[in-house]
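Biologist: I would like to learn how to read a model like this one, step by step. Could we begin with confidence and then go on to strands and helices?

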Amino acid sequence: MSSTAAVPFWRAAGMTYISYSNICANLVRNCLKEPHKSEAISREKVHFSLSKWVDGKPEKPNCHVYKLSCF
Amino acid sequence: MFRQATARLLSRSAAARPKARPFSTDLESAPAADQAFVDAWKKVAPNMDPPKTPLSFMKPRPPTPSSIPSKLTVNFSLPYASELSGKEVDMVIVPATTGQMGILPGHVPTIAELKPGLMTVHEGNDVQKYFVSSGFALVHANSYADIIAVEAVPVNRIDPNLVQKGLAEFTQKLNSASTDLEKAEAQIGVDVHSALSSALSG
């Protein structure tokens, strides 16, 4: 029996709460006035580097990627 | 089918244990140090202090007072900062998904999911306004309110031109969206920007 609870539109479209919350937070950050906006964006940047492994050994890593966590 | 089974289980256990489960604020706090461990430690190393456990650093939860307190204690935290910590206020109005919810001292314990909107903290004649992007508000039986959000800014830090531009852009994206996911993202954009613009004007 399927539950007939009303789901929010973003969950019906396949999004999880945490992606919804992160999207909202990013939209709010993009609407800030200048010094606060650049502080907020730099605070939320995620630094990571990615490398693919082939035959048990890592290939040269991609140059360090700085990504805004927006998904 | 599973819903009926759980309903039956719950009703059976409720009949066996008619006492309702206490809220976390009504339980006694766990003892900060295990007495048996401390005694054994003192026997082996009487000159050294026994190590502290995390529980001994935590302050015990204030118990539920028998009469309604005069002030509400608010803890407003963000992932990167603690905006208000233990502040005593008269009232807080939070943007719950079911509408603007006012929290006064003595409010019934509640867990409310917040939608993007304006949160106001009232202390005497002072009103502080914050725009909250989304989060939760937890009200406990002892008149403590914990409000947690991912992003919250005082409204004077919001740029109205960017809000108008964003609103126009997302309304346009909503009209041209094709997949469910794109429609949902565009709808979120429209919701957030319209909440921002009403927070700026209201």
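Modeller: Let us start with pLDDT, which is the predictor's confidence in each residue, on a scale from 0 to 100. This is a predicted model, and chain B averages a pLDDT of 87, with 89% of the residues scoring at least 70.

Biologist: Which elements of chain B have the lowest and the highest mean pLDDT?

Modeller: Helix α1 (residues 2-16) of chain B has the lowest, at 59, while strand β3 (residues 91-96) of chain B has the highest, at 95. For the complex, the predictor gives an ipTM of 0.77 and a pTM of 0.76.

Biologist: In which sense do strand β1 and strand β9 of chain B pair?

Modeller: In a regular strand the side chains alternate between the two faces of the sheet. Here β1 (residues 72-77) and β9 (residues 144-149) of chain B pair in the parallel sense over 5 bridges, and B:T73 stands opposite B:Y144 in β9(B). Strand β8 (residues 135-139) of chain B, however, runs antiparallel to β9(B), joined to it by 5 bridges, with B:L138 partnered by B:D146. β8(B) and β9(B) form a hairpin with 4 residues between them, and B:S143 in the turn has a positive phi of about 60 degrees.

Biologist: At roughly what angle do the axes of helices α4 and α5 of chain B cross?

Modeller: The axes of α4 (residues 160-176) and α5 (residues 180-201) of chain B come within 8 Å and cross at roughly 150 degrees. Angles over 145 degrees count as roughly antiparallel, so α4(B) is roughly antiparallel to α5(B). The crossing is left-handed, and the contact between α4(B) and α5(B) has 9 nonpolar, 8 polar and 3 charged residues. Among the residues that meet there are B:F170 and B:L174 in α4(B) and B:V190 and B:L196 in α5(B).

Note on methods: Residues are numbered from 1 along each chain as its sequence is written. Chains are lettered from A and ligands numbered from 1 in the order in which they are written. This is a predicted model: local features need pLDDT of at least 70, side-chain atom pairs count only at pLDDT 80 or more; totals for chains, interfaces and linings use all residues. Side-chain values use heavy atoms; hydrogens and water are left out. Helices (H or I, at least four residues) and strands (E, at least two) are DSSP runs, numbered from the N terminus. Two strands pair if DSSP finds at least two bridges between them. Axes are lines fitted to C-alpha atoms, for helices over the stretch in contact, and angles run from 0 to 180 degrees between N-to-C directions. Angles under 35 degrees count as roughly parallel, over 145 as roughly antiparallel, 65 to 115 as roughly perpendicular and the rest as oblique. A crossing is left-handed if the near helix is turned anticlockwise from the far one by less than a right angle, and right-handed if clockwise. Contact means heavy atoms within 4.5 Å. Ala, Val, Leu, Ile, Met, Phe, Trp, Tyr, Cys and Pro count as nonpolar, Asp, Glu, Lys and Arg as charged, and the others, Gly among them, as polar.
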